[in-house]
Amino acid sequence: MPKDTLIKALNQDCADELQAIIQYMMDHMMGEGVASPSVVEIFKKNAMAEMKHYERLAERVIYLGGVPSTSVGQFKKGGSLTEMIGRALSDERKAIKQYREHIALAGEQGDPATRHLLEQILLEEEEHEHELENLLEKK
Ligand SMILES: [Fe+2]
Ligand SMILES: [Fe+2]
């Protein structure tokens, strides 16, 4: 069923957002070093943004008749601040690629509201990517 394909895709996004929330919160708590106060605040801000993404995606899954995923992907503990920023950047890029694919899917499935929601989230993931890129350049 077309709806099931979309629910499955949104639930994949839900699981990835949960992973991102935990990863950012872990890094917020464990980040150390000279630049850490400003960087860990960015991690916290992003954790909260990803939480809102999860909420909106989960609400959409429910609207479509599904059950939001509560499974969490693998996250990593510790590392240097630069390593944390690097892996956050790679996770954001992965998310951007996946949201672009799911935006196309929602278009194919004839669901403009889901597509619009995913586009709004994509915009924020691109902002996260840009901010993290700038942090790495400053180092
Ligand atoms: Fe997100
Ligand atoms: Fe993000």
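Colleague: Where do we start, and how are residues and chains labelled?

Modeller: Residues are numbered from 1 along each chain as its sequence is written, while chains are lettered from A and ligands numbered from 1 in the order in which they are written. Since the model is predicted, local features need pLDDT of at least 70 and side-chain atom pairs count only at pLDDT 80 or more, though totals for chains, interfaces and linings use all residues.

Colleague: What is the average pLDDT of the protein?

Modeller: pLDDT is the predictor's confidence in each residue, from 0 to 100. The protein averages 94, and 97% of the residues score at least 70. Among the elements, helix 1 has the lowest mean (95) and helix 3 the highest (97).

Colleague: How many helices and strands does the protein have?

Modeller: Both are DSSP runs numbered from the N terminus: helices are H or I with at least four residues, strands are E with at least two. Here there are four helices and zero strands, giving the pattern α-α-α-α along the sequence. The radius of gyration is 16 Å, close to the 14 Å that the globule rule gives for 139 residues, so the protein is as compact as a globular protein of that length. That radius is taken over C-alpha atoms, and the rule is 2.2 Å times the number of residues to the power 0.38.

Colleague: How do I read the span of helix 2?

Modeller: The expected span of a helix is 1.5 Å times one less than its number of residues. Helix 2 (residues 36-63) has 28 residues and reaches 40 Å from its first C-alpha to its last, close to the 40 Å expected. Helix 3 also has 28 residues, which should span 40 Å, and its end C-alpha atoms are 41 Å apart, which agrees. After helix 2 comes Gly65, with a positive phi near 95°; just after helix 3, Gly110 has a positive phi of about 70°.

Colleague: Are Ile7 and Lys77 buried or exposed, and why?

Modeller: A residue is buried if 20 or more other C-beta atoms lie within 10 Å of its own, exposed if 12 or fewer, and partly exposed in between, with C-beta atoms placed from the backbone. Ile7, found in helix 1, counts as buried because it has 22 C-beta neighbours inside 10 Å. Lys77 lies in the loop between helix 2 and helix 3 and counts as exposed because it has 8 such neighbours. Buried residues make up 33% of the 139 residues.

Colleague: Which residues touch the most other members of the largest nonpolar core?

Modeller: A nonpolar core is a set of buried Ala, Val, Leu, Ile, Met, Phe, Trp, Tyr and Cys residues joined through C-beta atoms within 7 Å. Of the 28 residues in the largest one, Leu10, Cys14, Val39, Tyr54, Leu57, Val61 and Ile85 touch the most other members. Helix 1 (2-30), helix 2, helix 3 (81-108) and helix 4 (112-138) each give two or more residues, and the largest share, nine residues, comes from helix 1.

Colleague: What is Val61 in contact with, beyond its neighbours within four places in sequence?

Modeller: Two residues are in contact if their C-beta atoms, placed from the backbone, lie within 7 Å. Leaving those neighbours aside, Val61 is in contact with Ile7, Leu10, Asn11, Cys14, Gly66 and Pro68. Ile7 and Val61 are 54 residues apart in sequence and 5.8 Å apart in space, C-alpha to C-alpha.
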